[in-house]
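Work through the exercises below with the sequence and the 3D structure open beside you. Try each task before you read its solution.

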Amino acid sequence: MAGNNGDLTATFRARAVFMKSWKSASTPSNRDRLELYAWHKQAVSGDAPATFSTAASAAERAKYQSWRSKSGTNQADAMRAYLQESDRQLRVYGTANPQTPETSP
């Protein structure tokens, strides 16, 4: 775990960049996608607003509800939860085309 919030923030940001371009070997469930989204949103934006547009799509409502479920979690704890969840998803879903050592002819 990071020694201070500066290290934690740098680790969180680097992981978020990696996860945006991550190609999993198998498709993560919607629940897992929402979980990662919610922890990221909580870490970056804090608590979700108390109200949400009733005209929102089903996908937007699901994202909002997932984010709202993390309300009250401080930024550092949300970053740690994001890192833990992303580690879990990397283990569960793997990585498509992982770098492998070159084979000898």
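Predicted model: local features only at pLDDT ≥ 70, side-chain atom pairs only at ≥ 80, totals over all residues.

Residues are numbered from 1 along each chain as its sequence is written, and side-chain values use heavy atoms, with hydrogens and water left out.

**Exercise 1. Describe the make-up of the chain.**

Solution. Begin with the elements, where helices (H or I, at least four residues) and strands (E, at least two) are DSSP runs, numbered from the N terminus. The chain has four helices and zero strands, and the order from the N terminus is α-α-α-α. Next, take burial: a residue is buried under 20% relative accessible area, exposed over 50%, and partly exposed in between (1.4 Å probe, protein chains only). By that rule, 30% of the 105 residues count as buried. Finally, consider contacts, meaning heavy atoms within 4.5 Å: of those between residues at least 6 apart in sequence, 79% join residues at least 24 apart.

**Exercise 2. Check the span of α2 and find how its buried residues are arranged.**

Solution. The buried residues are Asp32, Glu35, Leu36, Ala38, Trp39, Gln42 and Ala43. Seen down the axis of α2, they fall within an arc of 160° (the arc is that of the directions from the helix axis to the C-beta atoms), so they line one face of the helix. These buried residues pack against α1, α3 and α4, whereas the face turned away from them carries the exposed residues Asn30 and Val44. After α2 comes Gly46, whose phi is positive, near 80°.

**Exercise 3. Identify the main contributors to the largest nonpolar core.**

Solution. A nonpolar core is a set of buried Ala, Val, Leu, Ile, Met, Phe, Trp, Tyr and Cys residues joined through side-chain atoms within 4.5 Å. The largest one has 15 residues, of which Leu8, Phe12, Met19, Trp39, Ala43, Met79 and Tyr82 touch the most other members. At least two residues each come from α1, α2 and α4, and the largest share, seven residues, comes from α4. Leaving out residues up to four places away in sequence, Met79 touches Leu8, Thr9, Phe12 and Ala43.

**Exercise 4. Is Lys70 buried or exposed, and which side chain does it meet in a polar contact of 3.0 Å?**

Solution. Lys70 sits in the loop between α3 and α4. Its relative accessible area is 8%, so Lys70 is buried. A polar contact is a pair of N or O atoms within 3.5 Å; within protein, one must be able to donate a hydrogen and the other to accept it, and residues adjacent in sequence count only if both atoms are side-chain atoms. Such a contact, of 3.0 Å, joins the side chains of Lys70 and Glu35.
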